[in-house]
Amino acid sequence: MKKYLDSAKNALRTDFTWNRVGRLTRKGARALPEASAHYVLDKFPIIGWLPRYNYRWLINDIIAGLTIGLMLIPQGLSYAKIATIPVQYGLMSSWAPSAIYAFMGTTKDLSTGPTSLISLLTAEIIEALHGEEWSPVEIASAVAMMMGIYGMVLGFLKLGFLLEFISLPILSGFISAVAITIILNQMDSLLGEPNVGDGTATQIRDIFQQLPQANGYACAIGFTGIFLLTVLDQAGKRWGKKNRIIWFLSITRAFIALVIFTGVGYAVNRSRGDSENYLFDVAKVQADGQEPPKVPSAALLSKVASRSIAVFVGSAVEHTAIARAFAVRNNYVTDQSQELTYYGVTNVFNSFFHAMGVGGAMSRTAVNSACNVKSPLSGFVTTAVVLVSIFKLVGTLYWIPKATLAAIIITAVWPLMSSPRVFYGYWKTSLADFISSMIAFWVSLFVSTELGIAAAVGFNILYVLLRQVFATVRSLPDARHSTTSELPLPLSIPHGEVNSGVNLPPDVRVFTFTDSLFFPNAYHAKHAIIDTVKTMHAPIFNGNCGLEQERKWSVTGEKRIAKLRRRAGITDATHLPPIGMVVLDFGRTNHVDVTACTHMKAMVQEVKMYGGASVEVRFANMSEYVRQRFERAGWTLVDGWQSGSESGRQDETKVTRVFESVVDAVLAPRRRSTRLGTSGSEKSSGESVNKGGEKVSMREQV
């Protein structure tokens, strides 16, 4: 027995896995107190940016908050109508999200509240549970709670990266189908037609069959509203930048239409007695302030749990995508997992107040950004505007024509539809991306949105598995298509050194992709490159980056880079070299897709924003297949360093140069005549210094 015990002890002492578990456990135990404190603080970003708030920003935040509040009133009512719940509950869903976002949000621009996507998917769940013991409002609140639970699970566990498995083409097809479905659902209110059925094919048939029974007054109200909204929208796009009055009228066009046509509804219908005698249907908003909170039924939650997954996936991807897009546009950093945490907390909180689910909205976010909002503090103003409408204006809103709400909805969701050109771009770039977008579009349109997104994601998973199983292996030797680099690893990424003794210039960074680059890993690859560049190189001092930048409200990006530099052992960031060239080695990459091409383009923009417009990004070891994918996605690729008339015809800022090897990419002349030498001084391109102090070419060292 002693022999077996000694053997077991020795195995535990020498086993690699158990030793690793032990090291990680001890490391985690030591870091737990401090990490726990940081984790809690990270859940409330306001603690980081509020002490640095510049009070001169207050007027911008107040104007933005008022504007978004005026937009939320008609949109909240309209989106509640889509969800097939009484329209006043759209307002009750809109007051809390903005205030909570001020505490938990990681962008200054994002506006949250009811959205057309969430409304339609909620309506489908209400329709599926029609006839059971619960009211539509109770079902909508239960869906909101399940959305919140899913969001909190992914957010608190920092699993936001899982949403990257929903590719861009799937989202395009899915959202386009949702937009068409929403428009079809509003046609009966717009035209005043009775008895329009459910389902896309049935709706199209009934709409045309019942045109002779359409209400002319409702048509006049609805189409006049669409005309007014369209005119104000186009006027804002054409003259808004030159005239602030036109700009304000454009962004508040839904509120203006609501006021005008509510007045019309009141004037022509108030004296007609019973609602059956009204010239056209009105919303009949009836409420007495905010209703007291109530916990959704446990039995109902179990009914909607699985059905709410599609609502969560669609709205969460939309929410985080909008947050990322405006963070890049306005030069700050957002935290995807924290956004999901906020999303979850807000929906759970809202569900207690008879509210439908909420998420980020593109139209309101764009207006918020256009108002030059400075921080999430504007959310408190938005909340105040919505609460005033709930407690003081509900009686007036009784007379809103349903045709006006339909006009507001149709003009709001029309831009969500992707043009045929987008889908043709998927066809040109990748057949699989085109097929997945079509599955999402047609199944969502004619079957159900829940099945549509599930079928498209299932196709993508199958496609990924098949690509891994049948991956192409190129026979060697093949000098032209070699899958290895002349600057082979071990290449120390943190220090840019080659085993043979060759030192890369300090302003050059080489990245080698070790696998195919497509939608599951493209976002991670992009940020790995950007994080390394920001960690190992100094920014250009142009007012957007560096120590001289205007102080931003957000501190997320600064904290992240500071942490990465500490891990890399960098204690003095003032001596870091600038970034002059980034070389991407595609020697091991046999596949890219639309999502990868899009993220790489965003990476180039962010690197140039950080290092300056003179930073060059070069490709090396690219297969013909990968090159064609990039070109079909809109990249302009040129072989090597061409000179003379052929190069002169190219706009160098829009050209990416492709080399047969990493060595060629590093040594080829740059657009500028000098580069930073190994000691930090400028040296002519292609030269280095050996240990004896003599200048020699890098090619000779290799």
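Colleague: How do the residues lining the largest cavity divide by class?
Modeller: This is a predicted model, and in it the lining of the largest cavity has 6 nonpolar, 8 polar and 1 charged residues.

Colleague: Which residues lie nearest the centre of that largest cavity?
Modeller: Leu110, Ser111, Asn368, Ser378 and Gly379 do, out of 15 lining residues.

Colleague: Turning to helix packing, at what angle do α7 and α15 pack?
Modeller: The angle between α7 (residues 116-128) and α15 (residues 308-329) is about 180 degrees, and their axes lie 10 Å apart. The two helices are therefore roughly antiparallel.

Colleague: Which residues meet there?
Modeller: From α7, Leu117, Ile118, Leu121, Thr122 and Ile125 meet Ser308, Ala310, Val311, Gly314, Ser315 and Glu318 of α15. By class, this contact of α7 with α15 comprises 6 nonpolar, 4 polar and 1 charged residues.

Colleague: A change of topic: how many salt bridges does the structure hold?
Modeller: There are 14 salt bridges. One of them joins the side chains of Glu138 and Lys294, at 3.1 Å from N to O.

Colleague: Where in the chain are Glu138 and Lys294?
Modeller: Glu138 is in helix α8 (residues 136-156), whereas Lys294 is in the loop between α13 (253-269) and α14 (298-304). The pair links distant parts of the chain, 156 residues apart.

Note on methods:
Residues numbered from 1 in each chain as written. Predicted model: local features only at pLDDT ≥ 70, side-chain atom pairs only at ≥ 80, totals over all residues. Heavy atoms only, no water. Axes fitted to C-alpha atoms, helices over the stretch in contact; angles between N-to-C directions. Helix = DSSP H or I, 4+ residues; strand = E, 2+ residues; numbered from the N terminus. Parallel < 35°, antiparallel > 145°, perpendicular 65-115°, else oblique. Contact = heavy atoms within 4.5 Å. Nonpolar A, V, L, I, M, F, W, Y, C, P; charged D, E, K, R; others polar. 1 Å grid on protein atoms, 1.4 Å probe; cavity = no way out; pocket = protein on both sides within 12 Å on 5 of 7 lines; lining within 4 Å. Salt bridge = Lys/Arg side-chain N within 4 Å of Asp/Glu carboxyl O.
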